[in-house]
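Hello,

Here is the structure for your files. Notes on its cavities and aromatic contacts follow below it.

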Amino acid sequence: MTTYDALAALPLQVEEYELERLEQAVSSEFIRVTTVVHLRGAGEEGVGEDVTYAAELHPPPGDLALAGSTDLDGFSKLLDGLELFAAPPRMDAFRFYRRWAFESAALDLALRQVGRSLADALGREPRPVRFVVSTRIDSMDALRRLFDRYPGTRLKLDPTSKWSEVLVAAIAATGAVDVVDLKGAYHGTPVDQPPDPELYERVARGFPSAWIEDPALTPETDAILEPHRERITWDAPIHSVADVQALPFPPRTLNVKPSRFGALRELFAFYDHCAAAGIGLYGGGQFELGPGRGQIQALAALFHPDAPNDVAPSGYNTTELADGLEVSPLEPALAPTGFRRVRP
């Protein structure tokens with residue numbers, strides 16, 4: 001029995017859905033927009049979050065033919081035949097992100113309709129979640145402010161070609177870096193970081209215990225990173241088990257972003273494959289503004305709580321660091337029914 005088999009036959013009744021726009025200013029150039037999908041039926045509501053990055057593509061269509069009585073797998077198969085965008089998105093990944101919003105809302109609703117939690121349905125015990133704060137910096141100032149407010153915070157950082165030897169040494173001296181994300185798999189986005197052999201050598205040497213995520217492997221960078229292959233991990237290229245099998249060498253661990261998989265059956269097949277292959281996992285987020293953040297925290301609590309999970313509470317991502325944020329490790333705080341987390 002697969003993990004998905006434990007959920008696929010959950011009965012599901014959908015009567016209507018509603019879309020709720022969320023937005024947050026990240027910088028003077030970027031306003032993050034997401035859409036919360038509210039699926040309703042049998043007196044219950046399930047929620048999911050569309051994390052598509054292009055603001056102009058929000059919201060999803062409001063007239064999808066979703067109503068009916070089925071089971072969770074039947075609803076997923078219904079989505080196979082629906083167009084979730086009014087116009088083709090510029091990135092195929094957006095299709096997965098939007099699909100995840102409806103699939104996660106359906107899972108939440110189905111569990112609430114039968115009065116069960118995800119932990120109960122899967123037979124797993126949630127545990128406190130260790131998390132890192134993910135950020136891109138060009139100086140130590142931001143880190144000092146973070147450590148002053150929240151001492152002991154662990155980090156996932158995005159090195160850029162601007163990083164000098166001096167900056168790398170100062171960051172490394174904090175002893176707080178668990179993951180360095182080289183962003184080598186991104187193309188045509190604001191976070192692109194082209195392969196830079198000097199940066200790769202500087203980072204690999206400067207952070208000898210950190211995971212090295214998403215390098216762009218060229219003959220030159222591969223030669224630099226070959227001695228560090230046991231620390232190389234992947235994120236952006238991973239949408240399915242087939243993507244894992246297509247990697248240039250077997251990974252010790254991978255970043256799992258649920259929204260990258262779109263369908264629940266693909267996500268849980270990935271979990272099963274990694275467990276069987278002995279591949280470790282750590283969670284990742286997509287700058288969720290609403291319930292999607294709690295959902296990835298819930299999955300981390302069930303599948304990989306002790307890893308450097310990039311699932312910090314959303315308040316760590318605001319332009320002005322908020323007061324009173326939860327610190328690592330997060331209590332699981334899974335809702336008694338459904339697929340969601342409720343802050344203690």
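**Cavities and rings**

Lining the largest cavity are Glu49, Val51, Trp100, Ser259, Glu288, Gly292 and Ile296. The model is predicted, so local features need pLDDT of at least 70 and side-chain atom pairs count only at pLDDT 80 or more, while totals for chains, interfaces and linings use all residues. Residues are numbered from 1 along each chain as its sequence is written, and side-chain values use heavy atoms, with hydrogens and water left out.

A cavity here is a set of points, on a 1 Å grid over the protein atoms alone, where a 1.4 Å probe fits but cannot get out; lining residues have an atom within 4 Å of a point. Grid points are joined across faces, edges and corners, and a volume is the space filled by probe spheres set on the points. There are two cavities of 30 Å³ or more.

The largest cavity has a volume of about 50 Å³. Its lining divides into three nonpolar, two polar and two charged residues (nonpolar: Ala, Val, Leu, Ile, Met, Phe, Trp, Tyr, Cys and Pro; charged: Asp, Glu, Lys and Arg; polar: the others, Gly among them).

The second largest cavity has a volume of about 30 Å³. Among the residues that line it are Val256, Tyr271, Ile296, Leu299 and His304. Seven residues of this lining are nonpolar, three are polar and none is charged. Helix α11 (residues 291–303) gives the most to it, with three residues; helices are DSSP runs (H or I, at least four residues), numbered from the N terminus.

The aromatic pairs number 13 (rings of Phe, Tyr and Trp, the last by its six-membered ring, with centres within 6.5 Å; planes under 30 degrees apart are stacked, over 60 edge-to-face, the rest tilted). Phe268 and Tyr271 form a tilted pair, 5.9 Å centre to centre with 45° between the planes. These two residues are three apart in helix α10 (residues 264–277), so about one helical turn separates them. The rings of Tyr271 and Phe303 are stacked, because their centres are 4.0 Å apart and their planes are at 0°. That pair links distant parts of the chain, with Tyr271 in helix α10 and Phe303 in helix α11, 32 residues apart. Both Tyr271 and Phe303 are buried (under 20% relative accessible area, 1.4 Å probe, protein chains only). Ring pairs join Phe261, Phe268, Phe270, Tyr271 and Phe303 into a cluster.

Arg32 lies over the face of Tyr53, 3.9 Å from the ring centre (CZ of Arg or NZ of Lys within 6 Å of the ring centre and within 35 degrees of the ring normal).

Regards

Notes. On a 1 Å grid over the protein atoms alone, a cavity is a set of points where a 1.4 Å probe fits but cannot get out, and a pocket is an open set with protein on both sides within 12 Å along at least five of seven lines; lining residues have an atom within 4 Å of a point. Buried means under 20% relative accessible area, exposed over 50%, partly exposed in between (1.4 Å probe, protein chains only).
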